[in-house]
Amino acid sequence: MRVTVIGGGTMGSGIAEVFAQFGHDVILSDISDSILRKSELAINASLKKLSEKGIIKEPERVSERILYDTNFTAYDSEFYVEAVIEKPEIKSEVLHKIKNQNAIVATNTSSISITMLSKYAPNPKKFIGMHFFNPPVIMKLIEVVSGYDTDGDTIKRVMDISKSLGKTPVMVKDFPGFISNRVLMALIREAIISLEEGISDAAGIDTIMKLGMNHPMGPLELSDFIGNDVVYDILNVLYNDLGYERFKPPVTLRNMVYAGKLGRKTGEGFYKYD
Ligand code: CAA
């Protein structure tokens, strides 16, 4: 099928790559050609890794299935995935531009209400959350989130499509942070508070969680990987919508965001990167 992915950042690029890997024709769109050039480089580098490991046979064929264009409204697709920045006003603006009422429109939001966003989609019955995890080509989970109006046929199709992409979909209800970020953000926040209280340093906290709990990354390393700004935004949504003190964004995190220490993408967060 033809799939339009809107948003060429880490998640949008990875999602486009997954659909192309499984034979779909993909249009990947973002606001500028320079962003799309970066997306293309990241996708091709990732495809090279996958082909070196024998996971995919013909990386060029996969690459050719992706068309990069800043104007996604020039194409009509059966399936849309919105993966733009985690700001309701930007997501709603993008969703509003999709006109095909028969298409399924999925959002990769990690914390914004699906039901709220559905009001901007062409057809709320065909609007759904399809939450991928970073890096999308490696991570096996898709958290499928039904909104108030999402119909049964859309849920079934998205569960089936997720399985056909080699993923395990798990359905959850439209609650702040769904399951993944409700649980993960509590962990990351507690790690930051532990750092603020001086119980251990960043490397100590992460080593404890990696070797003691067998997590592939420690919580602070993971916050840098997700982006400290994204973690801060999600904690704000959880704190404002659920009202629990346990999601109050730590001041250290707020200051790091203000200072531009966003993690891997800016070269510094809880750690420094080359
Ligand atoms: N494309 C292709 N291959 C990739 C890749 C990519 N984008 N990223 C990693 N890989 C491959 C590497 O080539 C490597 O392959 P080999 O083992 O064959 O060498 C393998 O994956 C492991 O990578 P690395 O050796 O670089 O490092 P690693 O062992 O630490 O694995 C990781 C990297 C898979 C990211 C692992 O650290 C991990 O699972 N971390 C946790 C990730 C996680 O929790 N993600 C979810 C974040 S939350 C989120 O996304 C949602 C949200 O709403 C915030």
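A residue counts as buried if 20 or more other C-beta atoms lie within 10 Å of its own, as exposed if 12 or fewer do, and as partly exposed in between, with C-beta atoms placed from the backbone. The structure on display is a predicted model, in which local features need pLDDT of at least 70 and side-chain atom pairs count only at pLDDT 80 or more, while totals for chains, interfaces and linings use all residues. Residues are numbered from 1 along each chain as its sequence is written.

**The start of the chain**

Select methionine 1, which is in the segment before strand E1. Helices (H or I, at least four residues) and strands (E, at least two) are DSSP runs numbered from the N terminus. Methionine 1 is partly exposed because 13 other C-beta atoms lie within 10 Å. Leaving aside residues up to four places away in sequence, methionine 1 touches His24, Glu78 and Phe79; contact requires C-beta atoms, placed from the backbone, to lie within 7 Å.

**The two domains**

Next, colour residues 2–173 as domain 1 and residues 180–265 as domain 2; such bounds come from an automatic or database domain assignment. The C-alpha centres of domain 1 and domain 2 are 26 Å apart. Their contact takes 7 residues from domain 1 and 9 residues from domain 2. On the side of domain 1 that touches domain 2, the residues divide into 1 nonpolar, 4 polar and 2 charged. In this classification Ala, Val, Leu, Ile, Met, Phe, Trp, Tyr, Cys and Pro are nonpolar, Asp, Glu, Lys and Arg are charged, and the others, Gly among them, are polar.

**Around the ligand**

Now display the ligand, which 17 residues surround, the closest being Ser46, Ser110, Asn134, Pro135 and Pro216. A residue is near a molecule if its C-beta atom, placed from the backbone, lies within 6 Å of it. The shell around the ligand draws at least three residues from each of domain 1 and domain 2. Helix H2 (33–52) and helix H9 each supply at least two residues, and H2 gives the most, with 3 residues. By class, the shell has 11 nonpolar, 4 polar and 2 charged residues.

**Positions from the UniProt record**

The unreviewed UniProt entry places the feature "binding site" at several positions, including Gly9, Ser110, Asn134 and Lys265; such annotations may be inferred rather than shown by experiment. Select glycine 9 in the loop between strand E1 (2–6) and helix H1 (10–21). Glycine 9 counts as partly exposed because it has 17 C-beta neighbours inside 10 Å. Then move to lysine 265, in the segment after H11. With 17 C-beta neighbours inside 10 Å, lysine 265 also counts as partly exposed.

The unreviewed entry also carries the annotation "domain: 3-hydroxyacyl-CoA dehydrogenase C-terminal", covering residues 177–273. This span is 62% helix and 0% strand, and its end C-alpha atoms lie 28 Å apart.

**Helix H10**

Finish at helix H10 (residues 228–242), whose 15 residues reach 21 Å from first C-alpha to last, close to the 21 Å expected at 1.5 Å a residue. The expected span is 1.5 Å times one less than the number of residues.

Which residues of H10 are buried? They are Asn228, Asp229, Val230, Val231, Ile234, Leu235, Val237 and Leu238. These buried residues pack against helix H7 (180–196), helix H9 (219–226) and helix H11 (251–258). After H10 comes glycine 243, whose phi is positive, near 80 degrees.

Terms used:
Two residues are in contact if their C-beta atoms, placed from the backbone, lie within 7 Å.
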